[in-house]
Amino acid sequence: MASVAPQTTRRMLRLGFLPGFLALGILGSVVAGCSGGKKVSASGATGELPDNEVESFYVTETDSGRPQCTQWTMFAQHAATYQARDLVTVRGVRIDFFNDKAQKSSELVAREGELTQRTRDMVARGNVVLLTTEGWRMSTEEMHFLNSRRKITSDKLVRVEKEGTVLEGVGFESDPNLEHFEFQHQIRATVQPGAGALAEPKKGAKKAAGGGK
């Protein structure tokens, strides 16, 4: 992915109050590389009022607005926008990730999250589970998605499993498809009888890598 920030074409839709929603400048579909009815209420611990709250929210990122190059789509049951902080908070989150052939490759669900509108970086919190089409399952309590790098990271305990083999650790980084991942600390591997080993950390190693099909 090129390091130069691309120009963006933005569109964010919700069911219902679409004209007013767009007038408030809540923005959606954004551009990146293909390769690699308003209600106001206090929200959050600070009691800050959101600029807008909506239901049935989604936002999609594509390459130059081309649907065939969709990178990811976020769906949420509820969203609140705080324009001064360039932030959208969401509840009831699902994020679909796509490969460079525009095929869905993984799906993430979480209780809540945040989307930074300018960078499209995301945070997912609460019972975070990522499932890939290749059968991998990742679970944690908090995960960050770095949009420009197309990387997911977490400094919480992360569990990755497939076919009876489990890897756990802290300091996790991966692509959204879990094809190449690594742990930095507190690494532990468990292999059930008859299960194929993934990538067990070597004794005394600080990092374990895994992934692949």
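**Backbone, core and side-chain pairing in the predicted model**

In this predicted model, N127 is placed in strand β7, which spans residues 122-132. The phi angle of N127 is near 50°, a positive value in a residue that is not glycine. With a relative accessibility of 53%, N127 is classed as exposed, because the threshold for that class is over 50%. Positive phi is also found at R150, again near 50° and again in a residue other than glycine. R150 is located in the loop that connects β8 (137-146) with β9 (151-154). The relative accessible area of R150 is 10%, and this residue is therefore buried.

The largest nonpolar core contains 31 residues, of which F57, W72, M74, L108, M138 and F172 touch the most other members. Two or more residues each are contributed to this core by β3 (52-63), β4 (66-82), β5 (87-98), β6 (104-116), β7, β8, β10 (158-162) and β13 (181-183). The largest share, five residues, is supplied by β5. Nonpolar side chains tend to be buried together in soluble globular proteins. The surroundings of M74 were examined individually. When neighbours within four places in sequence are left aside, M74 is in contact with F57, Y58, V59, V90, V93, R94, I95, L115 and M122.

Aromatic pairing was considered next. Seven aromatic pairs are counted in the model. One of these joins F172 to F181 in a tilted arrangement, with 5.9 Å between the centres and 35° between the planes. The relative accessible area of F172 is 2%, so F172 is buried; F181 likewise counts as buried, at 2% relative accessibility. F172 also pairs with F183, and this pair is tilted as well, at 5.2 Å centre to centre and 50° between the planes. Because F172 belongs to strand β12 and F183 to strand β13, the pair ties together parts that are 11 residues apart in sequence. Both F172 and F183 are buried. Together with W136, the residues F172, F181 and F183 make up one aromatic cluster. An interaction between a charge and a ring is found at Y82, where the charged end of R85 sits over the ring at 4.8 Å from its centre.

Salt bridges number 11 in total. In one of them, the side chains of D96 and K104 meet with an N to O distance of 3.3 Å. D96 is buried at 5% relative accessibility, whereas K104, at 36%, is partly exposed. A further salt bridge is formed by E173 and R149, whose closest N and O atoms are 3.0 Å apart. This pair links distant parts of the chain, with E173 in strand β12 (residues 172-174) and R149 in the loop between β8 and β9, 24 residues apart. E173 is partly exposed at 25% relative accessibility, and R149 is partly exposed at 45%.

R159 and E168 are likewise joined by a salt bridge, their closest N and O atoms lying 3.1 Å apart. Here R159 is partly exposed, with 30% relative accessibility, while E168 is buried, with a relative accessible area of 11%. R159 and E168 also take part in a network of salt bridges that includes R137, E161 and R188.

Technical notes:
Residues numbered from 1 in each chain as written. Predicted model: local features only at pLDDT ≥ 70, side-chain atom pairs only at ≥ 80, totals over all residues. Heavy atoms only, no water. Helix = DSSP H or I, 4+ residues; strand = E, 2+ residues; numbered from the N terminus. Buried < 20%, exposed > 50% of the residue type's maximum accessible area, 1.4 Å probe, protein only. Core = buried A, V, L, I, M, F, W, Y, C linked by side-chain atoms within 4.5 Å. Contact = heavy atoms within 4.5 Å. Salt bridge = Lys/Arg side-chain N within 4 Å of Asp/Glu carboxyl O. Phe/Tyr/Trp six-rings, centres within 6.5 Å; stacked < 30°, edge-to-face > 60°. Lys NZ or Arg CZ within 6 Å of the ring centre and 35° of its normal.
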